[in-house]
Amino acid sequence: MKIKQFILLTGYETNTYLVWDEISNEAMLIDPSLQSKKVEKFIKDNNLKLKFIINTHGHGDHIGGNNFFKKAFNTKLYIHKLDAEMLSNNKKNLSSFMEDKIETSVPDKTLEDNDVLFIGKLEVKIIHTPGHTKGGISILVGKSLFSGDTLFSHGIGRSDLPGGNSAVLIKSIKEKLFCLQDEIKVYPGHGSATLIGDEKIENPFVGLISRF
């Protein structure tokens, strides 16, 4: 598996991830925050087959490039069913507060907890982790977890926005993510990568969990 990180929407420092299977060259794009000729060129130059786009949640800083990449590669768009309506409503996706209002295509498929997708032979497992939004998800591929705005390095996502709930967010992290192996690498929606094991111990919001 190969992972390429892009920061397209610099004002928000949103991470966009391109993940692909090296054997089949099938790929997925996670949270395309903005349209980007640079990312389009990278995909084409590496002969990648963009099988689908996944939004970890429906906020405007994670969905701004949906339509661009969907059209450029004639591909599918996926999001959890509880966040699906955010894609076509700039008040619900909060882009009405951003410089540019964003309304993207409706999803081709809505996701649920424990759904499994594939890029090549790589299993892509959907983990419903609400709390930042009602339909927030994390995406597990092998030893890599793409956590959206649920879990950050030494931080967690906001829960004070519409659809957010702090108790639900902490529950999602403790019960859905901290049960994963310590060595799993976490690629968050913002900021630098971390490890599940480190966050169990060092995260000031949900850390101090014993390894034993």
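## Strands, a helix and a buried histidine

Tyr-78 stands opposite Lys-109 in strand E6. This is a predicted model, in which local features need pLDDT of at least 70 and side-chain atom pairs count only at pLDDT 80 or more, while totals for chains, interfaces and linings use all residues. Residues are numbered from 1 along each chain as its sequence is written, and side-chain values use heavy atoms, with hydrogens and water left out.

Helices (H or I, at least four residues) and strands (E, at least two) are DSSP runs, numbered from the N terminus. Two strands pair if DSSP finds at least two bridges between them.

| Strands | Bridges | Direction |
|---|---|---|
| E4 (residues 49-54) and E5 | 3 bridges | parallel |
| E5 and E6 (residues 109-111) | 3 bridges | parallel |
| E7 and E8 | 4 bridges | antiparallel |

Phe-52 stands opposite Lys-76 in E5. Strand E5 (residues 76-80) is mostly covered, with 4 of its 5 residues buried; buried means under 20% relative accessible area, exposed over 50%, and partly exposed in between (1.4 Å probe, protein chains only).

An open sheet is formed by 6 strands in the order E7-E8-E9-E10-E13-E14, with mixed pairing. Its edge strands, E7 (116-119) and E14 (194-195), each pair on one side only. Leu-117 has Val-124 in E8 as its bridge partner.

His-128 is placed in strand E8 (residues 122-128). Is His-128 buried or exposed? His-128 counts as buried because its relative accessibility is 15%. Leaving aside neighbours within four places in sequence, His-128 is in contact (heavy atoms within 4.5 Å) with residues including His-80, Asp-113 and Lys-176.

Helix H4 (residues 166-177) has 12 residues, which at 1.5 Å a residue should span 16 Å; the end C-alpha atoms are 16 Å apart, so the two values agree. The expected span is 1.5 Å times one less than the number of residues. In H4, Leu-169, Ser-172, Ile-173 and Leu-177 are buried. These residues lie on the same side of H4 because they cover an arc of only 90° around the axis, the arc being that of the directions from the helix axis to the C-beta atoms. An α-helix has 3.6 residues a turn, so residues three or four places apart point the same way. The face of H4 turned away from its buried side carries the exposed residues Ala-167 and Glu-175. Among the elements that cover the buried residues of H4 are strand E9 (137-141), strand E10 (144-148) and helix H5 (196-202). Asn-165 caps the N-terminal end of H4, with a side-chain oxygen 3.1 Å from the backbone nitrogen of Ala-167.

Note on methods. A polar contact is a pair of N or O atoms within 3.5 Å; within protein, one must be able to donate a hydrogen and the other to accept it, and residues adjacent in sequence count only if both atoms are side-chain atoms.
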